[in-house]
Structure formats: structure tokens, C-alpha cells
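Subject: Structure for your review, with findings

Dear colleague,

My findings follow it, arranged by topic.

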Amino acid sequence: MAREDEQRIVDNEEVSAAAEEEAQSNGRQDNELALPSGGCCMPSSTCHRFLALIFMCLLGFGSYFCYDNPGALQTVFKRDLDLSATEFTLIYSIYSWPNVVLCFLGGFLIDRLFGIRLGTIIYMLILLVGQLIFASGGILNAFWLMILGRFIFGIGAESLAVAQNSYAVLWFKGKELNMVFGLQLSVARFGSTVNFWVMQPIYDYVSQFYKGHTALGVVLLLATLTCVMSLLCALILGFMDKRAERIMQRNNNPSGEIPKLTDVFTFKPPFWMVSIICVAYYVAIFPFIALGQKFFMDRFHYTESQANTVDSLVYLIAAVSSPIFGFIIDKVGRNVTWVFSATTTTIAAHLLLTFTQLNPYVGMVIMGLSYSMLAASLWPLVALIIPEYQLGTAYGFCQSVQNLGLAVITILAGIIADKSKDDHTWVQLFFIGWLCIALIATCVIWAYDKKHRGNLNMSPAQRANFINSATYQNFE
């Protein structure tokens, strides 16, 4: 009996010590919880969330700025490195090839192994290394080294985009998610726009001190500074997210289910249609812009500078209109209707540019508005279809499929452009055909959602009732 009493005393002492240790470890958390609930220091406050949003948006600035460096210097690349149109488009397609698989794995690793914070930092470092190698290849006039750098850059950049999407859902799901996706696109595309504005003037200035491929390499090295800035943002955002998780005692996977690679086979048909749209729509935008400088010079007799200005208009319009469309879609919902409208108007923009003599600024403004509309309405659909614990895998798969399409279609577009020479009609019809496929996939989503009484094309109020309804159930 004495031994039992002694054991109880020991157990009580151990419990007390553990409780005291836990109290000490939670002291800082208690102090933080004592802060005013509306203060900027509280992760739940609107002010704090939008401060985090600034860093989320800047994560992609360096990536998008450097991605379109070749597009802004298309003539320079071809002249200084003696490249054909097919070789030039290889710079873009090689970016996409590794992500046919690795982007999917990158999203899965965020869900299963790294977590969103460490994963973001790792992918940002890979991106930075890739851009440094790409610039070094220019300095050394080694095209193979530039291709290697672009390959590595692509691995980091697309997986970083998956992490960026996951961050957005984590902090803003059920609140301002459409607007947040719009803002992220806005800042990213502003990076592309700034690239088109400044790269040629920077090259002209650097050419006073260096010549040929060396000047090109130095300019690409200067562009790397934007990636360094994005890396700093990744570190700051990681600190903010870790603090928010501790204070809010956030549980990102309440069901306790473990993500598996095979989960992708359980995703519902609307997700697969979203993936098809990701390919069919974006291949009519990015390869078109990559080849756009020559298109505007040949068809509308613009100078290099004028062609770059109109070619960058899609990104400039997107930078301004994406958050506006996101805000509107947050208020009215109906995401599938917005996707349908965006695809239709993009087809109209390509038709105007190809078959009319109307000022190309009109077509590019329509394309920019349509692109913003689609991005703000399409990507949030994934969060409505897929559970949170699988979102990294889902977004990774979307990016993988998109990169497969971009890798193949960009090469094919370059071959068509080479064969057609100064006549761009066939390559434009090629892009319009893919947009028609995106339109068909959108109709399939609408029909499936209507048949199964889903929430993809509901207003916010209808979605709230749908979720809270006693008869709520997932897509079957």
C-alpha cells in the first residue's frame, strides 16, 4: 500500500512538472492571445491577413519577371545567340517539361513531407539557382547551360506556384479567396509587365559596357535580384504562418487522413475538366505572348519597342483588373459562368487580332480582361472540389498537366511559326482551336454540377446554405 501511495506521489509530481513546463511554453501564446482581437498582430484580423497577402503576392513577382525575360528580349536572344524560332521556343518549353511530373510531386511533398512553409523556401531556392545558371550560360555563350538553368528554374517556379495557391486557400478560404487569387495574379503579371518595360532599356544601357552574349548574360544576372526579393518574402511569410498556426491552434487536416499520390484517382470529374481548361486556355495565352513580338512586327509593322509594349498589354491589364474581378466574383459567385465568359471573349480577341485590321490594342485589352476573369474564377474552383488536406496535390496536378500542355504546344507553335514565316494565320487558328476545347470542358463542368446539384456555380449565399444544409453531401 505504501508503495502504491509513493507511486501516486511520483505520478502527481510528474504531471505537475509537465503541466508547469506546458504553461511556460504557452506563456508567449497566452500573451499573444491577450492582444485585442481586432489588432494587426492577431492572425485572425483582416489587417494581419492582408499583410500576409502582400508577401504571398510578392512570392511570385521574381518568378514571373524572370520567366518572360526571353520574351522581352526575343530579337536580342536570336541575334546574340544565333537562335531559330524553334530553338527560342525551347527556352520556354524546357521550363515546362520537368514540371509534367515534378510539379505534381512538389504539391504532394507540400501536403505530406515539407509542409507549406519549408516547401515554399526550398522551391524558391531552386528557382534562384536556376536563374543564376541561366544567366551564366548567357555570359559564357553556352546555350546548353542556359537550357539547364531554365530546366532547374522551371522546377522551382511551378512548385512555388502550387505553394502560393495553398497559402491563399489556407489563409482566405471562405472569405476573400477569389479576390486573393486575383491579387496574386495581379502582382505576378505586374512582374511580367515590368519585365517587358525595363529589360530592353537595361540591355541597351549594359551594351555600352559589354557586347553580344556577355551583355545578355549580365542583364539576366541583374534580373536575378527580383528572385532574391521573393526569397526574402518567403522567409517572412513562413515566420508569420508559423506564428499564426501556434496562436490560432490551426488544424489543417481535422479528418486526420494522410495524403497519398493515388488520391488523384479519386478526384471528381469537375476537377479533371478544370485541369483540361488549365491546359487548353493557357496555351492560347503564354505561347502567343512568347511569340508575340514578331507577330506584331510582321502583321502591324511595329518596331521592337512598340511590339513589346502591345505584347505586354495582357499582363498590364491583368495586373489592374484581376483583383477587381476577384472582388466581384467573391460577391456574386457563379464561377463557372465567369470561366465560360472569359473563354468566349478570349476567342473573340484572337479573331480580332487575326482577321481584322482593328488596332491591336483593342484585341489585347479584351484578352487581358478575359485572362484576368478566368484566373480569378477558375483556380478557386479547385478549393470547392477538393478537401483541404489534398489541395497541394490537386494544385500540383493542375500545374503538371498545364506544363505538359505548354511544353508540347509551345514547341508546336514555334514549328508552325517557322513553317509559316511571316504569315501568322495558322498559328492563330491553332490557338483558337485550343480555346474551343476549353469552352467544351467548361460546358461539361456546368452540366455535371447542375445534374449533381453541386455548388460550383452558386452565389455565396447559396453556397453557405448548401454547406449548412442537413442534406449536404460531397459530389457523388
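Where is the place of Ser207? Ser207 sits in the loop between H10 and helix H11 (212-223). The residue counts as buried because its relative accessibility is 16%, and buried means under 20%. The side chain of Ser207 reaches back to the backbone oxygen of Tyr203, at 2.7 Å. Please note that the model is predicted.

Overall composition

The secondary structure of the protein consists of 22 helices and zero strands. Of the 476 residues in the protein, 55% are buried. The accessible surface comes to about 20200 Å², and carbon and sulfur atoms account for 66% of this surface. Among the contacts in the protein with a separation of 6 or more, 80% are between residues 24 or more positions apart.

The nonpolar core

The largest nonpolar core has 134 residues, and Phe77 and Phe296 are those with the most contacts inside it. Helix H19 (residues 360-385) gives the most to this core, contributing 13 residues. Leaving out residues up to four places away in sequence, Phe77 touches Asn69, Pro70, Asp82, Leu83, Phe88, Ile91, Phe134, Met146, Leu216 and Leu220.

Salt bridges

Side chains of opposite charge can pair when their charged atoms come close. With a cut-off of 4 Å between the side-chain nitrogen and the carboxyl oxygen, the count comes to three salt bridges.

Asp241 forms a salt bridge with Arg117, with the closest N and O atoms 2.7 Å apart. This pair links distant parts of the chain, as Asp241 belongs to helix H12 (residues 225-248) and Arg117 to helix H8 (residues 102-140), 124 residues apart. Both Asp241 and Arg117 are buried.

The side chains of Asp298 and Lys294 also meet in a salt bridge, at 2.6 Å from N to O. Both residues lie in helix H15 (residues 292-300), where Asp298 and Lys294 are four residues apart, about one turn of the helix. Asp298 counts as partly exposed because its relative accessibility is 24%. Lys294 is likewise partly exposed, with a relative accessible area of 30%.

A further salt bridge joins the side chains of Asp80 and Arg79, at 3.3 Å from N to O. Asp80 has a relative accessible area of 16% and is therefore buried.

Loops and backbone geometry

Glu176 is placed in the loop between helix H9 (143-172) and helix H10 (177-206). Apart from its neighbours within four places in sequence, Glu176 is in contact with Arg49, Phe50 and Asp330. Glu176 and Phe327 are 151 residues apart in sequence, yet their C-alpha atoms are 7.4 Å apart in space.

Which value does phi take in Arg334, which is not a glycine? The phi of Arg334 is positive, at about 60 degrees. Arg334 is found in the loop between helix H17 (313-332) and helix H18 (335-355). With 35% relative accessibility, Arg334 counts as partly exposed.

Arg453, a residue other than glycine, also has a positive phi, near 55 degrees. Its place is in the loop between helix H21 (425-451) and helix H22 (460-468). Arg453 has a relative accessible area of 70%, so the residue is exposed.

A nonpolar surface patch

Which residues form a nonpolar patch on the surface? Trp97, Leu404, Val408, Leu412 and Ile415 do so, and together they have about 380 Å² of accessible area. Val408, one of these residues, is found in helix H20 (residues 391-420). Val408 counts as partly exposed because its relative accessibility is 32%, which lies over the 30% that a residue needs to be part of a patch.

One is the link between H12 and H8 through Asp241 and Arg117. Another is the pair of positive phi values, at Arg334 and at Arg453.

With kind regards

How values were computed
Residues are numbered from 1 along each chain as its sequence is written. Side-chain values use heavy atoms; hydrogens and water are left out. Patches are made of residues with over 30% relative accessible area and no salt bridge: like charges are joined within 9 Å, nonpolar side chains (Val, Leu, Ile, Met, Phe, Trp, Tyr) within 5 Å. Accessible areas come from the Shrake-Rupley method with a 1.4 Å probe; for residues, only the protein chains shown count as cover. Helices (H or I, at least four residues) and strands (E, at least two) are DSSP runs, numbered from the N terminus. Buried means under 20% relative accessible area, exposed over 50%, partly exposed in between (1.4 Å probe, protein chains only). Contact means heavy atoms within 4.5 Å. A polar contact is a pair of N or O atoms within 3.5 Å; within protein, one must be able to donate a hydrogen and the other to accept it, and residues adjacent in sequence count only if both atoms are side-chain atoms. A nonpolar core is a set of buried Ala, Val, Leu, Ile, Met, Phe, Trp, Tyr and Cys residues joined through side-chain atoms within 4.5 Å.
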